[in-house]
Amino acid sequence: MNILAIESAAISAGAAVLCGDTLLSEQFVNNGHTHSQTLLPLVDAALSAAGKTLGDMDAVAVSAGPGSFTGVRIGMATAKGLALGADLPLIPVPTLLGLAYTMVAYEGIIVPIMDARRGEVYTATYRARDSRIEEVTPMRAIPLSDLVSQLDTALFVGDGVAVHRAAIMDKMGDRARFAPAHLVHHRAASVAMAAQTISPLSPHEVAPFYLRLSQAEREYLEKNKGE
């Protein structure tokens, strides 16, 4: 299957083209620019570098959440627009699963973490087996202290590592391992790999996946809880 994959659920953004088992190209930025500025140029560059067009693709894959509400929405809107315009199916990849695939060669427990603020992380627990990722515990928003208390030895990956590494090491010591700098971030290539294990859907059937309400929604409910 020829897959165009899009990642914009966190600070970094990227696009990749995977044809069968071969990664033809990947574009990645972690420069702090808004995804609305960078994502489509990354898609164009990834297709061009691969020598492919959108019409050569069999599906579009997108990191579907959880993550930054704005980032997830931008990625989803971009992926839906491309898929609908080219009459292609869409593959929604859970963001944490895509993160786990960056470390698919690791033998042990893989714990992707994304900073959810208020001392919490978006996380799940996975194990790699035969070049595939198996879910051990489902995606959830959880206090970091609760997460580390449930773990023995684990490898952490994701943008939450930069925020919580010191706290994790304080609680787990040498039982905690961390992805190297070139693999710790969200990568479109890993979204493409994970997409191979997920059935494509009509773009009309796909929606972003959130583990909790946005800050604006929480503030609105708090303000109006007496009504």
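The following dialogue concerns how to read several features of a predicted model.

Visitor: How is confidence in the model to be read, and what does the chain average?

Guide: The pLDDT is the predictor's confidence in each residue, from 0 to 100. Here the chain averages 93, and 93% of the residues score at least 70. Over residues 216-221 the pLDDT is below 50, and this stretch has four contacts (heavy atoms within 4.5 Å) in the model beyond near neighbours in sequence. Residues are numbered from 1 along each chain as its sequence is written. Local features need pLDDT of at least 70, side-chain atom pairs count only at pLDDT 80 or more, totals for chains, interfaces and linings use all residues, and side-chain values use heavy atoms, with hydrogens and water left out.

Visitor: Which residues of helix α6 are buried?

Guide: Buried means under 20% relative accessible area, exposed over 50%, and partly exposed in between, with a 1.4 Å probe and protein chains only. Helices (H or I, at least four residues) and strands (E, at least two) are DSSP runs, numbered from the N terminus. In α6 (residues 188-195), A188, A189, S190, V191, A192, A194 and A195 are buried. Seven of its eight residues are buried, so the helix is largely enclosed by the rest of the structure.

Visitor: Which residues have the most contacts inside the largest nonpolar core?

Guide: In soluble globular proteins, nonpolar side chains tend to be buried together. A nonpolar core is a set of buried Ala, Val, Leu, Ile, Met, Phe, Trp, Tyr and Cys residues joined through side-chain atoms within 4.5 Å. The largest has 49 residues, and I110, I133, L147, F156 and I168 have the most contacts inside it. Strand β6 (residues 109-117) gives the most to this core, with six residues.
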